[in-house]
Amino acid sequence: MTLYQKLAWSLVIIFSLLCALIFNWSKKLEQHSQHQAQQQLHIHLAEHLVNDNPLIKQGVYDYKALENLFHTLMVLGPAFEYYFVDPEGNLLTYSAKPGKVVRQKINLSPIKKLISQPSSTPIYGDDPRNIEGQKIFSAAPVYNQQKLQGYLYMIIGGQAFDATLHEVKRDNPVWLGAMWFVAAMVALFITMLLLFRFFTSPLKQLNKEVSRIKAANYSLTEMALSPSYMGNNEIGNLSKGIYGMLSRIDEQFKSLQQIDKQRRELLTHLSHDLKTPLASLHGFLEVMKKPYSQLSHQEQQRYLTLAMDNCQQLKLLIEQIFELANLECGQVKIKTETFNLGELIYDCVAKLALNAEAAGVTIKVTPKICDFPVTADIAKLERVLTNLIENAIRHTPSKGLITVEVSQLNEQVFVSVSDTGVGIHADELTAIFEPHYQARNSIKRGQGGLGLAICKQLLKLMNSDIEVQSTLGKGTQFRFNLTKHAPV
């Protein structure tokens, strides 16, 4: 059952109950007011009839004459019925036709209450013509020489009155007005149904689109989705929220697919990088293990050195893999402290001086007096500088120059590592920080291609970002920023 159908059925039930309640309540109120007014208007009618009629005033002896009197009075006033009741409630005489009166005795308590408390109207007494019915009445006691002989009991609104009232009501304008009122309520009911349909239509459309997306396994690749309702209200906000949520899920789904693809490619590259030095190591050891080997001592030492180099390469690659995995999993914590950046740079340059000398490359620090206090993780920053300088040494030809430059702007300190190396193609600049990416003109010297990816992750932990600029054949510059230590 749709939301509109639920609302429509709810409205039908509530509307029906409300109409029935109002109709029943108004009918009872109308009847109560009518009976109260009629009884108040005729409450002394029986008393006047007793006092003004000699046949009753002096006591009743001739019941036949009293019956004729009642008949005459009913002809003059057909809205009333007349009964003479003894002190025990037995009906002694009346003017009705035979068979019309079904009670021979009535309850006297209502009569006594009306006589003693005339303001408590409406008071209902037994209807002699209906075994279950009760009606308003007027009553007065009849005495014979100070002795209670009975009561004159007058039913107000007898059967003739009820029949006439029914005929009148059928053509009464008030009832016609009531019918118009009912018709107006029905029109209001239909209008409410149409309004419900109008208000729930956006929800129905939204539900249809969500069902369509669910059928497509929540993939938006081949589906043009737009907010189904742009109104600035609850439904509009819900529609836009669902659209935004689905778009976000789709982006994350595509991102996960891309990450999974990169992971597979990384595993393929790492397997190849691990396999190459391992195969070399295995080959050298196999040659040295052969029986009756005629290797000279010098050749054995050279093979052992090559085997050690391959072991070192394997160790370095495995360490980089673990380091990058820890960085990407967020398991590496930052311990910030304030230190002199120049001292750290000179330490890194000194550490790599032998490598630079072996490669025929010169390393220069600018400015020479590099006194910049910064707040960062010194161990992580040393790792970044070492990676960048090592990367520059690998890609700079002999007699080339590597410059480590520090500058300051406002509260930021900028560090750049430039070389006069081979440079990087422009279309590869955005990809060189991906794990194991190798530029087309890169010079492999025993590295697995994870150094720049580790640098980016480490700087990201220190709320810094690394930029790269390169000109093919002229060199490359890496630049990142650090927070300057504020003097106390």
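Trainee: What does I115 count as, judged by its relative accessibility?

Mentor: I115 comes out at 37% relative accessibility, so I115 counts as partly exposed. Keep in mind that this is a predicted model, in which local features need pLDDT of at least 70 and side-chain atom pairs count only at pLDDT 80 or more, while totals for chains, interfaces and linings use all residues. Residues are numbered from 1 along each chain as its sequence is written, and side-chain values use heavy atoms, with hydrogens and water left out.

Trainee: Where does I115 lie, and which residues does I115 touch beyond those up to four places away in sequence?

Mentor: I115 lies in helix 5, where helices are DSSP runs of H or I with at least four residues, strands are runs of E with at least two, and both are numbered from the N terminus. A contact means heavy atoms within 4.5 Å, and by that reading I115 touches A139, P141 and Y151, leaving out residues up to four places away in sequence.

Trainee: How should I read the order of strands in the open sheet?

Mentor: Strands of a sheet pair through backbone hydrogen bonds, either parallel or antiparallel, and here two strands count as paired if DSSP finds at least two bridges between them. The open sheet has five strands in the order 2-1-5-4-3, with antiparallel pairing. Strand 2 and strand 3 (124-126) stand at the edges with a single partner strand each, so one side of each has no neighbour in the sheet. From one strand to the next, the twist averages 40 degrees.

Trainee: How many bridges pair strand 4 with strand 5, and which helices pack on the sheet?

Mentor: Strand 4 and strand 5 pair in the antiparallel sense over eight bridges, and V142 stands opposite G150 in strand 5. Helix 2 (residues 45-52) packs on the sheet and touches strand 1, strand 4 and strand 5, its direction making about 30 degrees with that of strand 4. Helix 5 (residues 109-116) also packs on the sheet, where it touches strand 3, strand 4 and strand 5, and its direction makes about 75 degrees with that of strand 4. For such angles, axes are lines fitted to C-alpha atoms, for helices over the stretch in contact, and the angles run from 0 to 180 degrees between N-to-C directions.

Trainee: Which strands do bridges join to strand 1?

Mentor: Six bridges join strand 1 to strand 5, and these strands run antiparallel; within that pairing, M154 is the bridge partner of Y82. Three bridges join strand 1 to strand 2 (residues 91-94), again antiparallel, and there T93 is the bridge partner of F84. Strand 1 and strand 2 form a hairpin with five residues between them, and G89 in the turn has a positive phi of about 95 degrees.

Trainee: How many aromatic pairs does a search of the whole structure find?

Mentor: Rings of Phe, Tyr and Trp (its six-membered ring) pair if their centres lie within 6.5 Å, and planes under 30 degrees apart count as stacked, over 60 as edge-to-face and the rest as tilted. The search finds seven aromatic pairs. Among them, F137 and Y153 form a tilted pair, 5.2 Å centre to centre with 50 degrees between the planes. F137 lies in strand 4 (residues 134-144) and Y153 in strand 5 (residues 147-156), so the pair ties together parts that are 16 residues apart in sequence. F137 is buried at a relative accessible area of 0%, and Y153 is buried at 1%. Ring pairs link Y83, Y94, F137 and Y153 into a cluster.

Definitions and conventions:
Buried < 20%, exposed > 50% of the residue type's maximum accessible area, 1.4 Å probe, protein only.
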